[in-house]
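Here are my notes on the model you sent over. Have the structure open while you read.

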Amino acid sequence: MSAAARVKKLALAAGFDLAGIAAVQPFEPERQALTDRINQGLFSGLPWFTTERAAVSTDPRALLPEARSIISLAMSYGAGEGPQGTVARYAWGEDYHDVLRRRLEVLRHSLAAEFGEIEARTFVDTGRLVDRAAAVRAGLGWYGKNTNLLNSRLGSWLFLAELVTTLELEPDRPTRQNCGHCHACIDVCPTGAIVAPYVVDNDRCISFLTIELRGPIPRHLRPLLGGYIFGCDLCQDVCPVNQQARPVEHQEFAFKGQLPAVAELAALLELDEEAFRQHFRGSAIKRAKRAGLLRNVAVALGNSSDPAAVAPLAAAMRSDPEPLVRGHAAWALGRLGGSAAEAALAEAIRTETDPYVREEIDFAAHPR
Ligand code: B12
């Protein structure tokens, strides 16, 4: 068995569902794409996403100078049922960073046992390596038009990771598959974030708006978020490859039951800082932080057309410690409308002192 075949066998034994080998040459087309997108302002909401970072993240040897190979790895998620339409599938279970890092360590140890001491650096998501570019080069799948990596068996429900190593391994070939004429993902995106095939405007993507954005959600985009409070799966749900896919079941990624369906969202408005931490311990959702998540919950309730949401929103607008949450609760009351919502807004403008929240209340009471 070749060294590459032994490595892939060890990767599957460590719990990954896909493994392939990529060479370590810089990812030139991707570097160009990243630099262009950043210069076009498509990533202005992510200040850490700079052209300097793009240069490093597309050059594996800038990350490990003696590197000879990239072992590209993927774990499947998205099997089973969960709160569809509120929380993106990738966040239904345990935080994937923790799960993949544990498996990367298992693989690192088994590689050392098999090949002796080797140098290796591991990456998953927050690591400075373009995860999808490595996976494409290693033949794990192809770039979908929504920019996600698609595999014909597992769809795009994949978490990606890499082990960059000094081991010399025979590289795999990229697949020739592609999305053909399909553009379902482009058509379905409510915010029009896929501005062209393979081009996502980060600052309009619901995933960015609900997870990464720290301040207010631009008002004109709020109605388009629907019920999503963390991430978004719309461009993956409509994908015909995903509809045929058979995700692998992993206990770690199964829906844990601490996430509510739309009807139960209001209960989240009652979480204080400590309760939020306990509720979302070990979940990727903690990334949004309490203020961000409750901001999103307020928007989702505003979009729900459910009169039962008025009372909890009015309570949050009156007494939540975060102006961000009070402001979005006000917006949601304005969107729901009705006499109870109007009365709550009229009451709040008399007592609210924060200028940002006052502006939201004023807009909600007198939309322009
Ligand atoms: C920043 C980031 C985001 C941003 C920006 C998304 C984006 N499309 O870039 C936001 C916050 C919006 C985001 C959202 C999501 N993300 Co994210 N995110 C990342 C991160 C950290 C960097 C991605 C990056 O480099 N973007 C830069 C831009 C320029 O890349 P790009 O537009 O896709 O362009 C690439 C390709 O399309 C290709 N390309 C460019 N032009 C062309 C032209 C042609 C013809 C072709 C074929 C290819 C091609 O080259 C580019 C460079 O790789 C990666 C982790 C990592 N370290 O790589 C995860 C990552 C991409 N995210 C991931 C996930 C799961 C998501 C979400 C599905 C989560 C969710 N459900 O809400 C959504 C998907 C939204 C979407 N449609 O992209 C996974 C994707 C797994 C997969 N199957 O591909 C990753 C790989 C994390 C991981 N380790 O598993 N994410």
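1. Ground rules. This is a predicted model: local features need pLDDT of at least 70, side-chain atom pairs count only at pLDDT 80 or more, and totals for chains, interfaces and linings use all residues. Numbering starts from 1 along each chain as its sequence is written. Helices (H or I, at least four residues) and strands (E, at least two) are DSSP runs, numbered from the N terminus.

2. The sheet. Four strands make an open antiparallel sheet, ordered S1-S2-S6-S3, where pairing takes at least two DSSP bridges between two strands. Strand S1 (18-22) and S3 are at the edges with a single partner strand each, so one side of each has no neighbour in the sheet. Neighbouring strands are turned by 20° against each other on average, direction ignored.

3. Strand S6. Eight bridges tie strand S2 (residues 69-76) to S6, and four join strand S3 (residues 120-123) to S6. Glu162 in S6 has Ser72 opposite and also Phe123 opposite, while Ala161 in S6 faces Leu73. In a regular strand, side chains alternate between the two faces of the sheet. Here Leu158, Leu160, Glu162 and Val164 point one way and Phe159, Ala161, Leu163 and Thr165 the other way, and all are buried (20 or more other C-beta atoms within 10 Å of a residue's own; exposed is 12 or fewer, partly exposed in between; C-beta atoms are placed from the backbone).

4. Helices on the sheet. Helix H1 (residues 3-13) lies across S1 and S2, at about 145° to S1. Helix H5 (residues 96-115) lies across S2, S3 and S6, at about 35° to S6. Axes are lines fitted to C-alpha atoms, for helices over the stretch in contact (C-beta atoms within 7 Å), and angles run from 0 to 180 degrees between N-to-C directions.

5. Ligand shell. How many residues surround the ligand? There are 34, the closest being Ala33, Ala88, Thr147, Ser207 and Gly231, with a C-beta atom within 6 Å as the cut-off. H2 gives the most, four residues.

6. Gly45. This residue sits in the loop between helix H2 (28-39) and helix H3 (51-57). Is Gly45 buried or partly exposed? Partly exposed, because Gly45 has 18 C-beta neighbours inside 10 Å. Gly45 and Glu212 are 167 residues apart in sequence, yet their C-alpha atoms are 8.2 Å apart.

Terms used:
Contact = placed C-beta atoms within 7 Å.
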